[in-house]
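Notebook open, structure loaded. I want to jot down what I look up, one entry at a time.

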Amino acid sequence: MSSNITYKSLTQLADLLENKETTSEEICSEYFDRIEKVEPQINAFIKLDTEDITKKAEESDSRRKAGRQLSRYDGIPISIKDIYNVKGQSCNCASKILAPYTAIYDATVIKKIKEKGFIPFGRNNMDEFAMGSSCENSSYQTTSNPWDLRRVPGGSSGGSAAAVSAGEVPASLGTDTGGSVRQPAAFCGIVGLKPSYGKVSRYGIVAFASSLDQAGPLSRNVLDSAVLLDTISGLDKMDTTTVRDKRDDSHESIVRKSNENLDGFKIGVCHKYLEMDGLSESIKENYMYSIEQMRELGAEIIDISFPYTKYAIAAYYIIATAEASANLARFDGIRYGSRIKDYKDLNELYLKTRGRKLGDEVKRRILLGTFVLSSGYYDAYYLRAQKVRTLISDSFRETFQKCDVFLSPTTPTPAFKIGEVSSPVEMYMADVFTNFVNLAGICGINIPSGLTKDDNLPVGLQILGPHLGEDKILKAAKVFEDNREIKEFIPDL
Amino acid sequence: MNKQKKTIDVDYIAGLAKLEIDESKKSRFQEEMQNIVDYVDLLSELNVENIIPTAHAAQMKNVWREDVSENDFSREVMLKNAPELFDEGTIKVPQVLPGEGTA
């Protein structure tokens, strides 16, 4: 690798800082060099203010010199998906309608990482308003997958995943509404965690579908995701949907202790998934390999049938678009963001501003959401979908009475080529294993589990746990990570 | 869900959503949305009688707090992102009510 910094984890960087083997300024400047080298091919960042970051790094170094570091992670950079408000920085959600927009406050998650001394490090590309599974819906640029530049990094947190995978940052913060952290993490061969609903505050994160959105870390390994989860989670008076999660140990210490086997652990799997249409051979093989691996590590494997997988996407696209159509009504050209100049009355201002500044996928979802909520259709679509959502949640509650965690592939295929998937319904299928997790409000993690034989593309395993069951999925992921065949997932860049 | 096929009127829906749609793209939107709606219709296969719809992902009850007003932002800061200002102190909008006057 290019330097002794590029592919280090958060905890390794913290050790180097603690032992005075490096400084925050040196770390940031190494990442700047790396970005200069690989970013022209990857395009993971929409914006990177090197001057401001260097200043923050210097401040961190002086704090540490004086023995006043905010935590052992003080001075470590974390890149941020373009959906979080970071005071003084642009926040565009990769949309023209939010350009220009400068955040006037910090999202709770950002406030929390700053309190530990982490440095917000640039704005990562994403699908516009987090709507997409490939990053192709960004109105700024197309991001490439570091494993194969002709392929997508996944989405919507594709810029975040590509940046971590390409060694441009040690970790990133994304958001996951239907798989937007886990799916790009799987495509790029990194760890991505979607916390339980209510575990992390949504305050200051631009809303897509409020009952499904959660912030989550993308990182090199399981331990780093645990560190970031400890940092960002917690009750927040600015978000009344946050929950209290009483615990004796930090997630970090749980993961640090999870270094042996999975004796006594019950792991649910679904062999029926192997018969699913559209599941690629490499994914099937890897799923079977992962199940065997877990068995060898001491876990008891329990076959569980989960009847709602195919219905979940349908319910998801009704609920998510309904909420999105309401949430995105605020982008109307009145109070913030852009406004077209040639309007003759208020209605035309709304129509033209939204019509010209929003991308096609966002429009499609607003239209769909408006349709399913419109008079005469509400009961048939929205209400029915919310009932199906109850069935899905109940079924998971039953599942987790039988097992500690549940395994599925994270995605039905490895990363596809840029421009390859053109129909919306086909694109929605990329989230067949991730959507239902958000509907049920439970937690899930992607852990890289292999590489395809033909194309050398990463494949991911999804480990799901009950609501607030993060310790369980982190433990299973950590033991799997320590024992999987491929130790490190580093693309040849 | 009734069995008759639902056809989507893109113009009507776009009007409700306050979205101008390019003439050239209307038929494509119509077709794509129709495909999505046909797909989600598969939910009609499930029996949802007597199922309570989900109202909250984490099944929370009411969350209360003291009703205290907090104002973290000055007027100047709040107006920083406004696209058009009137007199530097208010957001400029076109006339809302019909009648005499300038926009």
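This is a predicted model: local features need pLDDT of at least 70, side-chain atom pairs count only at pLDDT 80 or more; totals for chains, interfaces and linings use all residues.

Entry one, the two chains. I looked up who touches whom, with contact meaning heavy atoms within 4.5 Å: 65 residues of chain A are in contact with 54 residues of chain B. Residues are numbered from 1 along each chain as its sequence is written, chains are lettered from A and ligands numbered from 1 in the order in which they are written, and side-chain values use heavy atoms, with hydrogens and water left out.

Entry two, area. The size of an interface is often given as the accessible area lost when the parts come together. Here I got a buried area (accessible area, 1.4 Å probe, that two parts lose on being put together, summed over both) of about 5500 Å² between chain A and chain B, with carbon and sulfur atoms giving 69% of that. On the chain A side, Ile104(A), Leu367(A) and Arg384(A) lose the most area to chain B, together 13% of what that side buries.

I found six salt bridges between chain A and chain B; the term means a side-chain nitrogen of Lys or Arg within 4 Å of a carboxyl oxygen of Asp or Glu. One salt bridge pairs Asp360(A) with Lys25(B), and their closest N and O atoms are 3.2 Å apart. Which helix gives the largest share of the side of chain A that touches chain B? That is H13(A), with twelve residues. Helices here are DSSP runs of H or I, at least four residues, and strands are runs of E, at least two, numbered from the N terminus.

I checked H10(A) and H12(A): their axes (lines fitted to C-alpha atoms, for helices over the stretch in contact, with angles from 0 to 180 degrees between N-to-C directions) come within 7 Å and cross at roughly 100 degrees. So H10(A) is roughly perpendicular to H12(A), a label for angles of 65 to 115 degrees. Among the residues making this contact are Tyr317(A) and Ile318(A) of H10(A), and Arg365(A) and Leu373(A) of H12(A).

Most residues other than glycine have a negative phi, and most peptide bonds are trans. I noted a cis peptide bond between Ala99(A) and Pro100(A), with omega about 0 degrees. Pro100(A) is in the loop between strand E2 (77-81) and helix H4 (108-115) of chain A. Gly155(A) to Ser156(A) is cis too, omega near 10 degrees. Ala130(A), not a glycine, has a positive phi of about 70 degrees.

Technical notes
Angles under 35 degrees count as roughly parallel, over 145 as roughly antiparallel, 65 to 115 as roughly perpendicular and the rest as oblique.
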